[in-house]
Amino acid sequence: MNILLVELCGNRPEFNEPLGLGCLSSALTRDKRLVITDMSFHWNLEHGPYPPSDKIREAHIIGVSIQIRAFPNFRELYEHIRKINSKALIVVGNVVPTFGYEQILQEFPEVVCVRSEGELAICELAFIHQSRQIAPNALHQVAGIAFQNGDSAQVNPIKLSNLKEYSHPDRPFLSFIREKGGIARIEGSRGCHWGRCEFCSVAERFGFSNWRQFEVAHIVEELRILSSNGIRSPYFTDEDFFGRNYERAISLAHAIIAAKKLGEIHADMNFFISSLAADIKDDRGYEAVRHLRAAGLREVFVGIESGVKDQLKRFQKKATADTNTLALERLSAIGLQVDIGYIMFDPFTKFEDLSIHIDYLRKLTLDGCHSRVIKGLRIQPGLPPVNEDA
Ligand code: B12
Ligand code: SF4
């Protein structure tokens, strides 16, 4: 079976390593039921809009990752694929199919959409395709997919995988990322222990309050692989790096320090994580941050979102403005770079809130970071005011 995996991002060039396809190919090639003769990768940012025609022609399954803003590119790619290969099973995944599967199926009823993580689903789809059973009754059994079944979309419940069973992702785009000085990615966990923030999609993707970890040894090995490929500053993709498990974070810090001493990880290796402010306010969390700092932690992203009490409550953040202030102060105090998420406007923002925002941002000396506090609104597929290019 020939599999072609395509990463589609929007037309804004951002050299961020797309890790998802490497996770899929790693799962596919390790699935003993499958006979895979060719696995190819294509990323529109690296290779241009269309994969080589021979790869399209010979593919049995074409998996396309549709990132935010890439749906117009998918439309063009689909037309192009079908001119060359009318038979390949087209499977789509990532953020747009996870949330916008209804619109996708309306326009492309023969496509299979994978919601949330894709490893289990792509392996099942490849297996039933290999067994030539690709029919609605076989698709009923595949967790986490949405497909057109007669006149309506059938949406199968999501099943999450056991991360401990996963091997390391393939990294087909890593050398391009290194060449461009882009950002390499690493996973330490999936999901968020809190999962309640009103604007956040994490619970839909990974289940409510569900945080799963990769083992410390797995993460250290990933860092070793990245280090040996010349990467010095990877970003953890984790939305909730700690998952409230501070002892694990301290063990990870010790393991990284030990691997650096042995020369297995380059001494200059540093990294970026995202954390809840509440974790840094917690003394045990702050202790873990200090250990990670010694292991090379360089920057921490904290989604503080607002300095307005009512808004933080409305967003259901696990933080007050004081929690956020303390977290940012604590991070700066130990020399860490800080990045923030901020949502100044929501439909209930009052005019008088704006001066509270401005005072808060000035107090934290974040008022110079315009790109952090003011961004274009990007409406997701499935929301009422959506337009087709969202
Ligand atoms: C890296 C990243 C970026 C990078 C680039 C994206 C990339 N290269 O993938 C950058 C910095 C550019 C970015 C930008 C933005 N991002 Co971003 N980003 C991430 C982040 C932190 C990591 C992605 C990642 O590597 N994950 C790990 C890999 C293994 O998972 P994955 O990519 O999701 O792949 C899995 C599945 O999606 C699926 N899958 C993926 N592709 C395919 C293909 C097929 C065929 C199949 C079957 C399955 C499948 O299987 C994979 C393995 O399980 C995620 C958070 C997260 N933890 O996922 C947010 C996230 C995806 N981003 C998000 C947002 C909101 C944005 C922005 C809109 C932020 C902003 N306001 O500017 C912009 C949009 C950019 C744009 N295009 O306009 C949100 C999406 C919200 C949503 N609706 O789901 C997320 C989930 C963060 C969050 N919790 O809010 N982002
Ligand atoms: S803490 Fe972050 S990842 Fe968790 S629910 Fe809130 S915004 Fe989402």
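A word on conventions. This is a predicted model, in which local features need pLDDT of at least 70 and side-chain atom pairs count only at pLDDT 80 or more, while totals for chains, interfaces and linings use all residues. Residues are numbered from 1 along each chain as its sequence is written, and chains are lettered from A and ligands numbered from 1 in the order in which they are written.

Let us start with the domains. The chain is divided into domain 1 (2-155) and domain 2 (184-373), with bounds that come from an automatic or database domain assignment. Taken over C-alpha atoms, their centres are separated by 31 Å. Their contact takes 6 residues from domain 1 and 7 residues from domain 2, two residues being in contact if their C-beta atoms, placed from the backbone, lie within 7 Å.

The shell holds 37 residues, the closest being Gly20, Gly63, Ser65, Gly93 and Gly118; a residue belongs here if its C-beta atom, placed from the backbone, lies within 6 Å of the molecule. Among the elements that each supply at least two residues of this shell are α1 (20-30), β3 (61-66) and α6 (119-130). Helices here are DSSP runs of H or I with at least four residues, and strands are runs of E with at least two, numbered from the N terminus. By class, the shell around ligand 1 has 16 nonpolar, 12 polar and 9 charged residues. Ala, Val, Leu, Ile, Met, Phe, Trp, Tyr, Cys and Pro count as nonpolar, Asp, Glu, Lys and Arg as charged, and the others, Gly among them, as polar.

The residues around ligand 2 include Cys192, Cys197, Cys200, Glu239 and Asp240. This shell divides into 6 nonpolar, 2 polar and 3 charged residues.

I turn to helix α4 (residues 71-84). Phe71, Phe74, Leu77 and Ile81 of α4 are buried. They cover an arc of only 105 degrees around the axis, which puts them on the same side of α4. On the other side, Glu79 and Lys83 are exposed. Buried means that 20 or more other C-beta atoms, placed from the backbone, lie within 10 Å of a residue's own, and exposed means 12 or fewer. The arc is that of the directions from the helix axis to the C-beta atoms. The cover over the buried residues of α4 includes β1 (2-8) and α3 (53-58).

In helix α10 (residues 216-228), the buried residues are Ile219, Glu222, Leu223, Leu226 and Ser227. Their arc is only 135 degrees, which puts them on the same side of α10. Ala217 and Ser228, on the other side, are exposed. Among the elements covering the buried residues of α10 is α11 (246-261).

Finally, methionine 269 is found in the loop between α11 and β12 (271-275). Is methionine 269 buried or exposed? It counts as buried, because it has 20 C-beta neighbours inside 10 Å. Among the residues that methionine 269 touches are Leu223 and Ser227, both listed with the buried residues of α10.

Methods:
Lists of a residue's contacts leave out its neighbours within four places in sequence.
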